[in-house]
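Please keep the sequence and structure at hand while reading.

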Amino acid sequence: MDLTLFAFLLSAFFVTSTKAFDPCTSSKSKSHGSDLSLLHIYGKCSPFTPPNPSSSWFNTVINMAASDPERITYLSSLVAQKSTSVPIASGQQVLNVGNYVVRAKLGTPGQLMFMVLDTGNDESWVPCTGCGCSSTLFAPNTSSTYGSLDCSMPECNQVRGLSCLTTGSGACYFNQSYGGDSSFAATLSRDSLTVGSDVVPNFAFGCINAASGGSIPPQGLLALGRGSMSLISQSGSLYSGVFSYCLPSFKSYYFSGSLKLGPVGQPKNIKTTPLLRNPHRPSLYYVNLTGVNVGRVSIRISPELLTFDPNTGAGTIIDSGTMITRFVQPVYNAIRDEFRKQVKGPFSSLGAFDTCFAAAAEAAAAPAITLRFEGLDLVLPLENSLIHSSAGSVACLAMAAAPNNVNAVLNVVANLQQQNLRILFDTANSRIGIARELCN
């Protein structure tokens, strides 16, 4: 056989083989029905790159965790929306750090967007033509099903940062801040949203007209909070108030987990804990955390530091957007001190982590941490409670104290502690389920 032809055929074989087994290509076809591929925002299959591409994953995690205090402050400041056209105070910020994205299509025909997944937000939004805020924009004028909403529509009164006049029926505009250094202006709109093979018609979302700063998710945000404007609420009987996700391990190269929408295909045998509702913070998923164990030691915690109190906002929530679990200061101090007692250091600090030690000590003595919820004990695997330096020589307790401010009453179980777990949100039956699942 001619050597040139042979080389060509050999090259074609390897290219075809590579494409056939490309996990990113496979993950695109994985989304079907109401089961979607869930990607870490800086994973191999994501279109986004870290702010510093040459940085190690360990440093990337440290940098992302540095934004947690602002998100906790935001979550602690949430209050119920009132039916009013008075704008929200300008100081209020929507500080949501997006760590995972899903593929969704908006409009007819569908325009592909990689949208940040957020259980702490109720309003979805995307950058639109003319905003100049992203290289990927939704083009409303090419969608046959697009329409803007005016101030007379009931959805308009449910949006945070509303700027409607007290009279008239002009377009429903709203303004929000995001990420501490960014803000945007948007028009409340409607269009068909496609997730997997499901279509949610007349889905209300914000069409961003202008933005400033560098923290706006480049292709928008998909809200999975408990409020009336979230995807779960707007989809009605399609998903019956039920969804779950499995977040992949940070050790996973491709960072591809799954998001399941609706009751079909959810785990049957799963331990659950009651889902609590706070009328003053209706967007958040509160659960009853009753205690914490470090190894075999039950930590002594004053009950009022864990007790759910809708009046003050105190209690514990499950959140997809916070990086590392945060406890109010006295609770974290008690957990950290017992952990240090059992590991025996010496200890150092790295970024948000104040309990770092030689990884060799981990193999010998690192205790498991158990979160005790009502009706459910969650024993965290070491990969969910520790994070390692890139060289593997240093391990850190991957938890921290909540920011010390007037609203520091909220404990947050964050996404690093949720990795390789199936987290089921069943709002219809007021419960949250947790089960071990390897979803890398």
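The text below takes the disulfides and then the aromatic rings of this predicted model.

**Disulfides**

The count of disulfides comes to 5.

The link of cysteine 128 and cysteine 207 is left-handed, with -130° about the S-S bond. Cysteine 128 is in the loop between β4 (125–127) and β5 (147–148), while cysteine 207 belongs to strand β8 (residues 198–212), so the pair ties together parts that are 79 residues apart in sequence. Cysteine 128 has 1% relative accessibility and counts as buried; cysteine 207, at 3%, also counts as buried.

The link of cysteine 131 and cysteine 133 is left-handed, with -80° about the S-S bond. Is each of these two cysteines buried, partly exposed or exposed? Cysteine 131 has a relative accessible area of 11% and is buried, whereas cysteine 133 has 27% and is partly exposed.

For cysteine 356 and cysteine 396 the torsion about the S-S bond is about 105°, so this disulfide is right-handed. The pair links distant parts of the chain, 40 residues apart: cysteine 356 is in strand β19 (residues 353–358) and cysteine 396 in strand β23 (residues 394–397). Both cysteine 356 and cysteine 396 are buried.

**Aromatic rings**

The whole structure holds 11 aromatic pairs. One of them joins phenylalanine 243 and phenylalanine 425: the ring centres are 4.6 Å apart and the planes lie at 10°, so the pair is stacked. Since phenylalanine 243 is in strand β10 (residues 242–246) and phenylalanine 425 in strand β26 (residues 421–426), the pair ties together parts that are 182 residues apart in sequence. Phenylalanine 243 and phenylalanine 425 are both buried.

Another pair is phenylalanine 347 and phenylalanine 357, with ring centres 6.1 Å apart and planes at 80°, so the arrangement is edge-to-face. Phenylalanine 347 is in the loop between α6 (329–343) and β18 (348–350) and phenylalanine 357 in strand β19, so parts 10 residues apart in sequence are tied together. Phenylalanine 347 counts as partly exposed at 28% relative accessibility, and phenylalanine 357 as buried at 2%. Arginine 340 lies over the face of phenylalanine 347, at 5.4 Å from the ring centre.

Ring pairs also link Phe243, Tyr245, Tyr285 and Phe425 into a cluster.

Terms used:
Residues numbered from 1 in each chain as written. Predicted model: local features only at pLDDT ≥ 70, side-chain atom pairs only at ≥ 80, totals over all residues. Heavy atoms only, no water. Disulfide = S-S within 2.5 Å. Helix = DSSP H or I, 4+ residues; strand = E, 2+ residues; numbered from the N terminus. Buried < 20%, exposed > 50% of the residue type's maximum accessible area, 1.4 Å probe, protein only. Phe/Tyr/Trp six-rings, centres within 6.5 Å; stacked < 30°, edge-to-face > 60°. Lys NZ or Arg CZ within 6 Å of the ring centre and 35° of its normal.
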